[in-house]
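Good morning, and thank you for coming. Today I would like to walk through one structure, beginning with a term that we shall need.

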Amino acid sequence: MPSIFNLFVEHGRLCVITNGPLKGKLVTIVDIKDHRSALVDGPEDVTGVFRMVMNYNDLALTDIVVDITRGISSEDLAKALKEQDIIAKYNETPRAKRDASAEKRANLSDFEDLEYANYKLKKHNWLKLNLISLSHPINKKDKKLTQQQPVHLKYTKELYAEETKQENQDVYVKVSKFLVFNKTKTST
């Protein structure tokens with residue numbers, strides 16, 4: 001019977017510490033103590049974590065497994081990590097990239113933070129103007145696809161009231177989280 005799990009606690013498994021003062025540092029499982037904890041080692045000269053027993057709840061397993069024997073010494077573990085280029089492999093994973101990006105974002109100065117916020121706002125506005133207009137919602141009455149034209153966000157109730165008073169025009173307004181659309185019903 002196939003297993004639903006694809007990551008197992010085993011000696012040589014590279015892990016990331018998720019809680020405590022060593023949060024975000026890499027460790028390798030050296031030996032399994034019991035069903036709740038394992039002996040892990042950095043080693044200290046490579047990742048800055050000394051050998052200790054850690055609870056599984058404080059570890060996040062990665063896909064990377066180091067080819068080591070059970071209960072290996074810190075010096076031999078450091079050699080194995082360097083020979084197999086494990087730290088470089090980990091730095092290529094999406095989790096490592098995400099953590100590096102979050103750390104970089106947390107260390108921004110106030111001015112850099114403001115520049116980043118302005119960049120995100122410009123990016124959002126560009127997406128709103130260029131990509132949202134490509135969507136084609138289904139007209140509920142006709143069950144046909146109809147073209148929409150984006151309207152500026154300052155679309156007020158007064159403009160809506162004026163448009164509904166116009167003759168020979170049935171106006172449907174869709175309000176989503178960010179945009180207001182004005183759509184005229186096609187005559188059939």
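Two strands are said to pair if DSSP finds at least two bridges between them. In general, the strands of a sheet pair through backbone hydrogen bonds, either parallel or antiparallel. Please keep in mind that what you see is a predicted model.

With that term in hand, consider Ser37, which stands opposite Asn55 in strand E4. Strand E3, covering residues 37-41, and strand E4 pair in the antiparallel sense over 4 bridges.

Let us now turn to the whole sheet. How many strands form the sheet, and in what order? There are 5 strands in an open sheet, and the order is E4-E3-E2-E1-E5, with antiparallel pairing. The edge strands are E4, residues 52-55, and E5, residues 59-65; each of them pairs on one side only. On average, neighbouring strands of this sheet are turned by 45° against each other, direction ignored.

Next, I would like to follow the chain beyond strand E3. The loop between E3 and H1 contains Pro43. Gly42 and Pro43 are joined by a cis peptide bond, with omega at about -10°.

Which residues form the negative surface patch? They are Glu44, Asp45, Glu75 and Asp76. Helix H1, residues 44-47, and helix H2, residues 74-83, are the elements that give two or more residues to this patch. Glu75, for example, lies in helix H2.

Finally, please look at the loop between H2 and helix H3, the latter covering residues 86-91, where Asp85 is found. Phi of Asp85 is near 55°, which is a positive value in a residue other than glycine.

Thank you for your attention.

Definitions and conventions:
Residues numbered from 1 in each chain as written. Predicted model: local features only at pLDDT ≥ 70, side-chain atom pairs only at ≥ 80, totals over all residues. Heavy atoms only, no water. Axes fitted to C-alpha atoms, helices over the stretch in contact; angles between N-to-C directions. Patch = residues over 30% accessible without salt bridge, like charges linked within 9 Å, V, L, I, M, F, W, Y side chains within 5 Å. Areas by Shrake-Rupley, 256 points an atom, 1.4 Å probe, with all protein chains shown as cover. Salt bridge = Lys/Arg side-chain N within 4 Å of Asp/Glu carboxyl O. Lys, Arg positive; Asp, Glu negative; His and termini not counted. Charge placed at Lys NZ, Arg CZ, Asp CG, Glu CD.
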